[in-house]
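Here is a short tour of a few residues that stand out. Have a look at the model first, then read on.

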Amino acid sequence: FRHLLEKHELAPQVLATINAGLAQHGLMLKTGTVVDATIIAAPSSTKNKNGERDPEMHQTRKGKQWHFGMKAHIGVDAQSGLVHTVIGTAANVNDVTQAGALLHGEEQAAFGDAGYQGVHKRPEAAGPAWHVAMRPGLRRRLNPFIEPEFIAERLEQAKASVRAKVEHPFRVVKQQFGYAKVRYRGLAKNTARLTMLFALSNLWMARRQVLGARA
């Protein structure tokens with residue numbers, strides 16, 4: 001079954017079919033999208049029959065730590081928190097370069113963390129009004145006793161409350177489904193698996209509404 005999914009690139013179609021069903025329950029409003037990415041670790045050992053690491057996986061630095069693997073980039077409905085787009089890349093690919101491809105084209109607004117600074121200048125991401133988080137260093141310097149900076153902090157809090165929706169599907173896939181490391185070599189196979197897992201995460205997150213509608 002996995003090989004059929006990969007050969008015919010069916011995973012995105014499964015995600016779209018599930019989302020179409022959820023939309024019938026009013027769960028996909030499509031007025032806004034939250035974009036984000038998470039690192040999925042890959043084995044860094046060369047103790048295998050090929051004597052090498054997976055050439056499609058790469059190393060990247062996050063904070064003070066280095067990670068080897070891939071990135072799962074997702075576009076999430078800003079209202080429901082359900083995933084509508086999944087893209088897999090090497091871990092060293094900059095998040096902002098995938099932002100435009102994570103949009104479905106019907107958004108009025110899009111949200112991202114500080115890693116998406118400058119996204120509004122990218123032609124492929126044009127369309128929605130982008131609301132991107134302020135860089136942490138700049139935000140820490142805001143003075144809450146000065147009115148313009150107090151308002152800026154409240155705006156950052158409002159943007160963060162919307163962006164929090166994107167963390168739920170990551171948590172479901174990594175913790176509920178136990179997918180913290182890649183299972184195969186190569187981006188295509190792992191991206192297909194991730195797409196299926198995010199499709200299932202949508203069903204998991206919407207299970208109460210769907211079951212309630214059937215009752």
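A polar contact here is a pair of N or O atoms within 3.5 Å; within protein, one must be able to donate a hydrogen and the other to accept it, and residues adjacent in sequence count only if both atoms are side-chain atoms. With that in hand, look at D54: a polar atom of its side chain lies 2.6 Å from the backbone nitrogen of G186.

Before going further, note that this is a predicted model, where local features need pLDDT of at least 70, side-chain atom pairs count only at pLDDT 80 or more, and totals for chains, interfaces and linings use all residues. Residues are numbered from 1 along each chain as its sequence is written, and side-chain values use heavy atoms, with hydrogens and water left out.

Back to D54, which sits in the loop between β1 (32–41) and β2 (58–62). Strands are DSSP runs of E, at least two residues, and helices are runs of H or I, at least four, numbered from the N terminus. Leaving out residues up to four places away in sequence, D54 touches F68, Y184, R185 and G186, with contact meaning heavy atoms within 4.5 Å.

Is D54 buried or exposed? D54 is buried, and buried means under 20% relative accessible area, exposed over 50%, partly exposed in between (1.4 Å probe, protein chains only). D54 has no salt bridge, that is, a side-chain nitrogen of Lys or Arg within 4 Å of a carboxyl oxygen of Asp or Glu. The nearest side chain of opposite charge, R185, is 4.7 Å away; Lys and Arg count as positive and Asp and Glu as negative, while His and the chain ends are not counted.
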